Amino acid sequence: MLKSSLTGIAVASLLLGGAVAQAQSTEGAAEETQAADDTTMYPTWNIVQNVSRSADHSLLVELVKTADLVTTLSGEGPFTVFAPTNDAFNVFPEGAVDGLKKPENKAILSRILKYHVIPGKVTSEQLIAMIEAGGGSATLTTVEGTELTATIVADKVKLSGSNGTAFVTTADLEQSNGIVHSINGVVVP
C-alpha cells in the first residue's frame, strides 16, 4: 500500500508548478525575512523554530517531529532546506501522508525528509550560479545520500529528484543554522 502511495506521491508532485520569489526584508529589522504566508522569520532562530511558526509549513513540521529530525534540524548545521508547503503534501493520494506517520514507516519518512536537505548554506544566487556553471543544471547531494538536480525552467528554479519535481516559491529565508527555500512539491528518493 505504501509503495503504491509513494508512486502516487511522485506522480502528484510532477503536476505541481510555481514561481521563484525572493523573500522580502521587513522595515526596521534588516535581517528578518518573510515566509510565503507572511510569517516573520528571524535569522537568530534555527530552522525548526522559524518553520514551526509558518502556517504554510505546519504539516512539514509535524512530519519532522514524527521522523525525530527536530534535534538534527535544530543543530549547528549549516543546512539548506527545500521546505514543501502544506499544499505540496495535500496533493498526495488520500491516506499517503497518514501512512507515512505510522511508526513502521518512520525510516521511509525520514528518508523522504532528508532528501529535501543539503549540507551547507546555498542561497538562491549561489544555486543559480551553480546551475549556470554546470551548463544548465547543478547536482546537489542531499543529506539522505542521493542527488537532486537543480535547473531553471521559464525563470523558475526547478528541483528534480528520483521521483518528482518541485519549484522554489519563496527563496532565501535566513536561519541561524542555514537557509530555507519554500517549494511547491515533494520529491521522493
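Biologist: How many bridges join strand β7 (residues 147-153) to strand β8 (residues 156-160)?

Modeller: Strands of a sheet pair through backbone hydrogen bonds, either parallel or antiparallel. Here β7 and β8 run antiparallel and are joined by five bridges, where pairing requires at least two DSSP bridges between two strands and strands are DSSP runs (E, at least two residues; helices are H or I, at least four), numbered from the N terminus. Within this pair, Thr-151 faces Lys-158 of β8. The model is predicted, with local features needing pLDDT of at least 70 and side-chain atom pairs pLDDT 80 or more, while totals for chains, interfaces and linings use all residues. Residues are numbered from 1 along each chain as its sequence is written, and side-chain values use heavy atoms, leaving out hydrogens and water.

Biologist: In what order do the seven strands of the open sheet lie?

Modeller: The order is β5-β4-β10-β9-β8-β7-β6, with mixed pairing. The edge strands, each pairing on one side only, are β5 (117-119) and β6 (137-141).

Biologist: Which residues touch the most other members of the largest nonpolar core?

Modeller: A nonpolar core is a set of buried Ala, Val, Leu, Ile, Met, Phe, Trp, Tyr and Cys residues joined through side-chain atoms within 4.5 Å, buried being under 20% relative accessible area, exposed over 50%, and partly exposed in between (1.4 Å probe, protein chains only). In this 29-residue core they are Val-81, Phe-89 and Leu-113, and helix α3 gives the most, with five residues. Leu-113 touches Leu-60, Leu-63, Val-64, Ala-67 and Leu-69, leaving aside residues up to four places away in sequence, with contact meaning heavy atoms within 4.5 Å. Another core, of 17 residues including Leu-127 and Leu-148, lies apart from it.
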